[in-house]
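Please have the sequence and the model to hand while reading.

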Amino acid sequence: MGDWLAALDRRADLRAKAGLTRRLRPRAAGDPVVDLAGNDYLGLATHPEVTAAAARALSAYGLGATGSRLVRGSTDAHHALEDALADWLGTAGALVFSSGYLANLAAVRAVVQPRTLLVSDAHNHASLIDGCRISGAETVVTPHADVDAVAAALAAHPGRPAVVVTESVFSVDGDLAPLAELHATARAHGALLLVDDAHGLGVIGPEGAGGVAAAGLAGQPDVVLTATLSKALGGAGGVVAGPAPFVRHLIETGRTFIFDTAPPPAVVAGVHAAVGLARAGGGLRAELAERAALAVRRLRAARLTVSDPDGAVVSVTAPGPEAATAWAADCRDRGVAVGCFRPPSTPDSRSRLRLTISAGVPRPDFERALDVIVECAP
Ligand SMILES: Cc1ncc(COP(=O)(O)O)c(C=O)c1O
């Protein structure tokens with residue numbers, strides 16, 4: 001009976017030997033740490049207009065949605081958020097999910113027909129990878145941001161329906177996919193382009209509408225967009241946006257929409273308030289871009305290997321998984337939270353610190369945090 005638990009212990013030992021143990025750390029309310037680990041890019045998670053909108057919906061609707069929207073009914077709050085998102089993203093329709101992960105599972109599955117080929121970037125997020133797997137479609141993984149490889153994969157399967165799957169600003173190194181080129185390539189082969197704009201939404205593009213809008217692809221009939229509502233919008237949930245028949249298809253067939261309790265109305269209302277603030281947040285975006293450039297300059301001056309960020313994600317190479325863990329722990333001991341990415345959460349064998357820059361962090365704290373990262377470097 002206990003064999004399976006002993007097997008789990010052995011696997012935990014192997015992870016520990018490889019420096020890949022993961023541990024939960026306590027987080028108190030009002031945690032004084034300088035946060036370069038979360039994804040609250042615009043500082044909206046705690047914005048008074050956002051929390052007030054959520055509080056109003058909380059007292060109106062109660063804590064949870066109490067069921068899926070098809071079964072329990074679809075609130076005004078959900079529709080208002082979807083209208084606001086579609087307007088912002090420039091799409092005919094939008095559908096919210098209870099997480100970005102579930103939005104991606106639904107989106108990938110919904111674009112797959114019999115014989116569809118999926119062409120997926122090697123740096124794609126786990127939720128896109130799982131979406132490809134769950135869809136059951138044949139998937140070709142192409143080298144990161146390699147448009148020629150995408151073209152070759154499509155050309156090798158003529159006559160088949162195909163979908164190119166990518167992030168916009170990549171979650172690991174913060175670089176922007178060549179979206180316009182990918183779209184032109186996809187279109188030349190009659191393929192669709194599916195973009196996860198999780199780290200682009202609110203951060204880049206006109207009125208912060210994300211990487212798809214920045215590439216001039218908003219509303220294109222052969223583009224499907226997904227995003228999480230948990231990063232620049234400071235809340236929780238996910239969205240899939242695209243042509244109206246596609247959204248209808250998701251409502252009627254999307255398993256992670258149909259068989260999942262709807263996101264809580266309070267969160268939905270808070271995110272709706274955040275959309276308005278994010279659209280008007282040009283000053284916050286300028287501050288983010290400036291901080292990202294400052295981080296790169298400071299860290300490179302200390303001879304660290306730093307990615308070229310196109311959004312607010314900056315990755316710093318660590319010598320190995322143990323060194324990355326120790327580096328992040330030393331930073332935390334000095335009051336600075338940074339992300340620590342090690343295989344298998346990285347698409348290659350490289351371990352990294354990941355800094356997610358937030359305009360909500362006071363500027364002096366941000367600059368001090370950069371000094372701490374340098375001083376703690378292995
Ligand atoms: C690129 C990307 N897509 C999707 C997700 C999943 O979103 P959520 O946390 O809302 O499930 C994340 C991270 O959270 C992400 O970084």
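In threonine 228, a polar side-chain atom lies 2.6 Å from an oxygen atom of the ligand. For aspartate 196, the distance from a polar side-chain atom to a nitrogen atom of the ligand is 2.6 Å, while an N or O atom in the side chain of histidine 199 is 2.7 Å from an oxygen atom of the ligand.

The model is predicted, with local features needing pLDDT of at least 70 and side-chain atom pairs pLDDT 80 or more, whereas totals for chains, interfaces and linings use all residues. Residues are numbered from 1 along each chain as its sequence is written, and side-chain values use heavy atoms, without hydrogens and water.

## The shell around the ligand

The ligand is surrounded by 15 residues (each with a heavy atom within 4 Å of it), and the closest are Gly100, Tyr101, Asp196, His199 and Thr228. By class, the shell holds two nonpolar, 10 polar and three charged residues, where Ala, Val, Leu, Ile, Met, Phe, Trp, Tyr, Cys and Pro count as nonpolar, Asp, Glu, Lys and Arg as charged, and the others, Gly among them, as polar.

## An aromatic pair

Rings of Phe, Tyr and Trp (its six-membered ring) pair if their centres lie within 6.5 Å, with planes under 30 degrees apart counted as stacked, over 60 as edge-to-face and the rest as tilted. The count comes to one aromatic pair: phenylalanine 97 and phenylalanine 257 are edge-to-face, at 5.9 Å centre to centre and 70° between the planes.

Key
A polar contact is a pair of N or O atoms within 3.5 Å; within protein, one must be able to donate a hydrogen and the other to accept it, and residues adjacent in sequence count only if both atoms are side-chain atoms.
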